[in-house]
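Subject: Structure handover

Hello,

Here is the structure for you to look through. My notes follow below it.

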Amino acid sequence: MSNRKKAADIHEDIAWQDMTVGCEIYEPGTSRLTKTGEWRSRTPVWIVDQCKQCLMCTPYCPDASIPVEDGVRLEFDYDHCKGCGICLEVCPFQAIEWKKDE
């Protein structure tokens, strides 16, 4: 019998005997199920007036937290942004700045 479970099958009410070894998830694209943005200690802030929509920040974001719709950059996905600062470093127009989380 296979112990391969989908992410939706692993929750706080599951018995430890029914968990997968090492709590492994055997399906792709499950990071959207977990809000990981609470880990960050700094929050990037998008300065809309300075943004030229070059979209340089988007491919560099390791968490895909900078959504683009119809070729236009949108507000950060703070549910998943870890505050790594890569977007701030690659923005050629200084359209992203830090806000310290408290």
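Start with a definition: rings of Phe, Tyr and Trp (its six-membered ring) pair if their centres lie within 6.5 Å, and planes under 30 degrees apart count as stacked, over 60 as edge-to-face and the rest as tilted. The whole structure has 1 aromatic pair. Phe-76 and Tyr-78 form that tilted pair, with 5.6 Å between centres and 35 degrees between planes. Phe-76 is buried at 6% relative accessibility, while Tyr-78 is partly exposed at 27%. Buried means under 20% relative accessible area, exposed over 50%, and partly exposed in between (1.4 Å probe, protein chains only).

Two notes on the source. This is a predicted model: local features need pLDDT of at least 70, side-chain atom pairs count only at pLDDT 80 or more, and totals for chains, interfaces and linings use all residues. Residues are numbered from 1 along each chain as its sequence is written, and side-chain values use heavy atoms, without hydrogens and water.

Next, the cysteines. A disulfide is a pair of cysteine sulfur atoms within 2.5 Å. The structure holds 0 disulfides. Cys-57 is buried at 7%, and Cys-61 is buried at 18%.

Last, charges over rings (NZ of Lys or CZ of Arg within 6 Å of the ring centre and within 35 degrees of the ring normal). The charged end of Arg-42 sits over the ring of Trp-98, 4.0 Å from its centre. Arg-73 lies over the face of Trp-46, 4.3 Å from the ring centre.

Best wishes
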